[in-house]
Amino acid sequence: MSKEFEVAVIASGSKGNATIIKAGDTAFLVDAGISCRRITNGLKECGLHPLDLSGVLITHEHTDHVSGLPVLSRKYKLPIFANEKTWQAMELRNEIERSCHRLLPGQLSFGGMTVSPFAISHDAASPVGYSFLFKEEKCTYLTDSGFVNEDIKLASLNSDVLILEANHDEEMLKTGPYPRVLKERILGTRGHLSNTAAGWFLANMEKMPQEVFLAHISQENNKPELALATVERILSDSGCSVLPRIFVTSQGDLVHN
Ligand SMILES: [Zn+2]
Ligand SMILES: [Zn+2]
């Protein structure tokens with residue numbers, strides 16, 4: 001178990017994303033793609049209030065990551081960290097309290113926690129993942145990336161806790177109901193990580209994280225149990241001796257370590 005990080009995935013997937021990452025007295029929300037009410041309820045389940053958050057960290061401008069921001073910003077005036085391109089690309093930015101926007105710096109520090117954004121590969125203006133350092137531990141948030149390049153591997157190196165996208169099962173996606181253009185988008189280098197890609201990424205990590213949250217699982221092209229089984233099979237096939245504790249997130253329930 002992670003000694004320092006508490007992670008709670010309130011929602012994950014194309015219908016909305018919001019994750020609480022807390023260490024010591026510092027807590028951040030990564031993305032706010034669900035209603036303010038659901039976010040507040042999720043925080044409450046973890047014994048937190050929106051005003052306990054040091055801010056909301058935005059990964060990219062897609063609606064499933066930002067739709068809750070207007071109400072959240074009006075009600076609680078929380079700082080919203082987004083890089084300039086993401087902010088400009090956010091269609092609902094005019095509904096967000098302007099004073100809440102903070103330009104995402106290269107690194108930010110709050111209460112002993114250091115947050116570092118890193119570039120990911122997705123069809124958005126300037127999408128990022130985040131790594132969090134607190135004391136000797138590291139937690140990394142990585143969803144919405146078409147593939148994992150060397151820079152992303154480097155950014156996730158030595159993570160103790162990893163929130164990792166396992167978006168789709170490639171067979172289910174290919175034979176499923178999505179139109180061809182959308183299938184190609186998801187499978188492309190600026191789309192989403194498959195179960196297999198997530199499994200191999202994990203299997204090839206120099207140091208295995210203690211805890212992994214499989215996230216952004218598609219409702220149409222995946223199943224939580226299939227994502228878990230695929231990742232576990234790849235880990236065992238590749239001879240990994242130390243296995244992480246794996247949590248599978250689903251759209252409706254809060255998943256907490
Ligand atoms: Zn997304
Ligand atoms: Zn996206």
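This is a predicted model: local features need pLDDT of at least 70, side-chain atom pairs count only at pLDDT 80 or more; totals for chains, interfaces and linings use all residues.
User: Which metal ions does Asp144 coordinate?

Analyst: Asp144 coordinates both the zinc ion (ligand 1) and the zinc ion (ligand 2), which are 3.4 Å apart.

User: Which residues are the protein donors of the zinc ion (ligand 2), and how are they spaced in sequence?

Analyst: The zinc ion (ligand 2) has His60 (NE2), His62 (ND1), His122 (NE2) and Asp144 (OD) as its protein donors, at 2.2 to 2.7 Å. Along the sequence these donor residues follow the spacing H-x1-H-x59-H-x21-D. His122 sits in the loop between β8 (113-119) and β9 (128-134), while Asp144 sits in the loop between β10 and α5 (150-156), so this pair ties together parts that are 22 residues apart in sequence. His122 is also buried, with a relative accessible area of 1%.

User: Which residues coordinate the zinc ion (ligand 1)?

Analyst: Asp64 (OD), His65 (NE2), Asp144 (OD) and His216 (NE2) coordinate the zinc ion (ligand 1), at 2.1 to 2.3 Å, and their spacing along the chain is D-H-x78-D-x71-H. Distant parts of the chain are linked here, since His65 belongs to helix α2 (residues 63-66) and His216 to the loop between β12 and α9, 151 residues apart. Both His65 and His216 are buried.

User: What are the angles among the four donor atoms of each zinc ion?

Analyst: For the zinc ion (ligand 2) the angles run from 87 to 177 degrees, and its site is irregular. The site of the zinc ion (ligand 1) is irregular too, with angles of 90 to 169 degrees.

User: How should I read the sheet, and what is the order of its strands?

Analyst: In general, strands of a sheet pair through backbone hydrogen bonds, and they do so either parallel or antiparallel. Here an open sheet of seven strands runs in the order β7-β8-β9-β10-β11-β12-β13, and its pairing is mixed. At the edges stand β7 (108-110) and β13 (245-248), each with a single partner strand, so one side of each has no neighbour in the sheet.

User: Which strands are joined to β11 by bridges?

Analyst: Strand β11 (residues 161-165) runs parallel to strand β12 (residues 211-215) and is joined to it by five bridges, with Glu165 standing opposite Ala215. Four bridges join β10 to β11, and these two strands also run parallel; Tyr141 has Ile163 in β11 as its bridge partner.

User: Which residues of β11 lie on each of its faces?

Analyst: In a regular strand the side chains alternate between the two faces of the sheet. In β11, Val161, Ile163 and Glu165 are on one side and Leu162 and Leu164 on the other, and all are buried. Because five of the five residues of β11 are buried, the strand is largely enclosed by the rest of the structure.

User: Which helix lies across β11?

Analyst: Helix α8 (residues 195-203) lies across β10 (137-142), β11 and β12, and its direction makes about 150 degrees with β11. Helix α9 (residues 224-237) packs on the sheet as well, touching β12 and β13 and running at about 155 degrees to β13.

Technical notes. Residues are numbered from 1 along each chain as its sequence is written. Chains are lettered from A and ligands numbered from 1 in the order in which they are written. Side-chain values use heavy atoms; hydrogens and water are left out. Two strands pair if DSSP finds at least two bridges between them. Contact means heavy atoms within 4.5 Å. Axes are lines fitted to C-alpha atoms, for helices over the stretch in contact, and angles run from 0 to 180 degrees between N-to-C directions. Donors are N, O and S atoms within 2.8 Å of the metal (3.2 Å for Na, K and Ca); water is not among the atoms, so sites may look incomplete. Four donors count as tetrahedral if all angles lie between 85 and 135 degrees; four count as square planar and six as octahedral if opposite donors are over 155 degrees apart and all others between 65 and 115; anything else is irregular. Buried means under 20% relative accessible area, exposed over 50%, partly exposed in between (1.4 Å probe, protein chains only).
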